[in-house]
Amino acid sequence: EMARVFKLALAQLAVSAVKADNIAGAVKAIAQAAQHKAHVVVLPECFNCPYGTKYFPEYAEPIPGPSTDALSQAAKEHGIFVVGGSLPERDGDKLFNTSPVFDPSGALVAKHRKIHLFDIDVPGKITFKESETLTAGDTLTVFDAGVCKIGVAICYDLRFPELARLYAKQGCQVMLYPGAFNMTTGPAHWELLLRARAVDNQMYVAAVSPARDESASYVAYGHSTAVNPWGDVVAKLGPEAGLQVLDIDLDQVASIRQSIPVQTQARTDLYTLTATDKLLPK
């Protein structure tokens, strides 16, 4: 019988302007996660470069490329699933904010291109426009980790409850969001959104941020967090770099979904949520 509990590692990495250092830090964290017997390790959004529209074109790579080659090798060496946070991906003349997923043989098994681009303006606080340089992806990203199906989306995707619900409908019991909220939105909404998605969909939800760097042009909130299907925070880092490992208990997912069966009691005679063919994983 398949194990019903597995370990998930959240790797909150310090990210600098030196790509080689960032890649080395990621590879080290993957090794550390494997030492802690993690089945899956998650890196932060923009793990290989500073977060910002001016950095994306400069640091962008094709996939496969040097950054993803390093992740693939580490996944294989340590026999672990690696959700490669995200990196700016160059494909032809387009750039995407992309999360590559590698299985324990080092094979690229999935690739999520951020669906919702972060174009916001909070007067007096923060203005940011990813669409200045990035193109949006348009597909759900689900991978089979053997123990269960896991969904991957990126940062701003977290604010869209329909997306998480569609992942749940695809059979995901865990949802992973590499993300870099900032010092305005982080304290206000980061944990709230993660707990909301977890309770709404009765699934584990985790988000992994870069560590906070006060000197960066975009200051990440940090506080990588995991929430169980009951809405309890079961792992949480502070602002500084670090690694946390937690147990994902699939029996808990099953029992919560059984005891409060919102999935089956939705009034689909009155309302439905449907994905277009374009959105569904191929």
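The largest pocket in this predicted model has a volume of about 330 Å³. A pocket here is an open set of points on a 1 Å grid over the protein atoms alone, with protein on both sides within 12 Å along at least five of seven lines, and lining residues have an atom within 4 Å of a point. The volume is the space filled by probe spheres set on the points, with grid points joined across faces, edges and corners. Arg165, Ala168, Lys169, Asp200, Val262, Gln263, Gln265, Ala266, Thr268, Tyr271, Thr272 and Leu273 make up the lining. Two elements, α4 (161-169) and α7 (262-265), each give two or more residues to it; helices are DSSP runs of H or I with at least four residues, strands are runs of E with at least two, and both are numbered from the N terminus. By class, this lining has five nonpolar, four polar and three charged residues. Nonpolar covers Ala, Val, Leu, Ile, Met, Phe, Trp, Tyr, Cys and Pro, charged covers Asp, Glu, Lys and Arg, and the others, Gly among them, count as polar.

The second largest pocket comes in at about 280 Å³. It is lined by 21 residues, and Val15, Pro50, Tyr51, Ala216 and Tyr218 are the closest to its centre. Its lining splits into 15 nonpolar, three polar and three charged residues.

What about enclosed space? A cavity is a set of points where a 1.4 Å probe fits but cannot get out, and the whole structure has one of 30 Å³ or more. The largest cavity has a volume of about 40 Å³, and Phe118, Cys155, Tyr156, Arg159, Phe181 and Thr185 line it.

Now for the surface. Ile260 sits in the loop between α6 (250-259) and α7. Ile260 counts as partly exposed because its relative accessibility is 39%; the cut-offs are under 20% for buried and over 50% for exposed, with partly exposed in between (1.4 Å probe, protein chains only).

On to charges. Side chains of opposite charge can pair when their charged atoms come close. Taking a salt bridge as a side-chain nitrogen of Lys or Arg within 4 Å of a carboxyl oxygen of Asp or Glu, the count is 12. In one of them, Arg4 meets Asp251, with the closest N and O atoms 2.8 Å apart. Arg4 is in the segment before β1 (5-12) and Asp251 is in helix α6, so this pair ties together parts 247 residues apart in sequence. Arg4, at 30% relative accessible area, is partly exposed, and so is Asp251, at 42%.

Which residues pair with Arg113? Glu89 does, at 2.9 Å from N to O, linking strand β4 (residues 87-91) to strand β6 (residues 108-113). Both Glu89 and Arg113 are buried. Asp91 also bridges to Arg113, at 2.8 Å, whereas Asp91 is partly exposed, with 40% relative accessible area. Shared partners join Glu89, Asp91, Lys111 and Arg113 into one network.

Residue numbers start from 1 along each chain as its sequence is written. Side-chain values use heavy atoms, leaving out hydrogens and water, while local features need pLDDT of at least 70, side-chain atom pairs count only at pLDDT 80 or more, and totals for chains, interfaces and linings use all residues.
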